[in-house]
Amino acid sequence: MSGQTIERLPDAELEVMQAIWDCEPPVSRADIEPLLESRHPMATTTLLTLLGRLTQKGVLQAQKRGKSKVYTPAFSRGQYVASQGSRFLSKLCRGDVRLFATALCEGGLSREEVEELRRLLEEDGL
């Protein structure tokens with residue numbers, strides 16, 4: 001999935017994916033429900049609907065395990081973030097890296113986070 005654009009996920013689906021990425025795949029509904037409960041509580045029926053949607057979109061792969069299903073993400077959190085960052089740079093900033101960096105800084109990055117980003121860029125750690 002390297003270099004491929006991944007479509008932006010709606011907020012509720014992204015919350016589910018965040019919980020899935022925080023677990024070791026394959027993941028069951030029961031594995032992610034406690035994580036969602038503390039961050040973004042939702043009814044079991046809503047969670048099942050979102051898992052079904054994510055599976056239909058190809059974002060998750062589902063397998064039967066006994067009477068329930070387990071899910072494996074089709075891409076990593078890092079791949080998703082990279083794709084969305086690239087999309088943001090291309091579409092909203094029209095490829096202007098300076099505008100992208102300004103948006104990051106004005107968007108709430110702390111001085112320490114800016115320094116860490118600078119250090120990673122200088123060390124070619126990205």
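**View 1. Overall arrangement of the predicted model.** The model is predicted, so that local features need pLDDT of at least 70 and side-chain atom pairs count only at pLDDT 80 or more, whereas totals for chains, interfaces and linings use all residues. Residues are numbered from 1 along each chain as its sequence is written, and side-chain values use heavy atoms, with hydrogens and water left out. The protein contains six helices and three strands; helices (H or I, at least four residues) and strands (E, at least two) are DSSP runs, numbered from the N terminus. Read from the N terminus, the order of elements is α-β-α-α-β-β-α-α-α. Along the principal axes, the C-alpha atoms fill a box of roughly 50 × 30 × 25 Å.

**View 2. The open sheet of three strands.** The strands are arranged in the order E1-E3-E2 with antiparallel pairing, where two strands pair if DSSP finds at least two bridges between them. The edges are formed by strand E1 (27–28) and strand E2 (60–65), each of which pairs on one side only. Helix H3 (residues 44–56) packs on this sheet and touches E2 and E3, its direction making about 120° with that of E2. Contact here means heavy atoms within 4.5 Å. Axes are lines fitted to C-alpha atoms, for helices over the stretch in contact, and angles run from 0 to 180 degrees between N-to-C directions.

View 3. Leu60 has Pro73 of E3 as its bridge partner, Ala62 stands opposite Tyr71 in E3, and Ser28 stands opposite Val70 in E3. The hairpin of E2 and E3 has two residues between the strands, and Gly66 takes a positive phi near 65° there.

View 4. Pro25 and Pro26 are joined by a cis peptide bond, with omega about 0°. Pro26 belongs to the loop between H1 and E1.

**View 5. The crossing of H1 and H3.** The axes of helix H1 (residues 11–21) and H3 come within 10 Å and cross at roughly 85°. H1 is therefore roughly perpendicular to H3, a term for angles of 65 to 115 degrees, while angles under 35 count as roughly parallel, over 145 as roughly antiparallel and the rest as oblique. H1 contributes Ala12, Glu13, Val16, Met17 and Ile20 to the contact, and H3 contributes Leu47, Leu50, Leu51, Arg53 and Leu54. These residues divide into eight nonpolar, no polar and two charged.

**View 6. The largest pocket.** About 560 Å³ of space lies in this pocket, the volume being the space filled by probe spheres set on grid points joined across faces, edges and corners. On a 1 Å grid over the protein atoms alone, a pocket is an open set of points where a 1.4 Å probe fits, with protein on both sides within 12 Å along at least five of seven lines; lining residues have an atom within 4 Å of a point. There are 21 lining residues, and Gly85, Phe100, Ala101, Leu104 and Leu117 lie nearest the centre. Helix H4 (77–92), helix H5 (97–106) and helix H6 (111–122) each give two or more residues to the lining, and H4 gives the most, with 10 residues.

Note on methods. Ala, Val, Leu, Ile, Met, Phe, Trp, Tyr, Cys and Pro count as nonpolar, Asp, Glu, Lys and Arg as charged, and the others, Gly among them, as polar.
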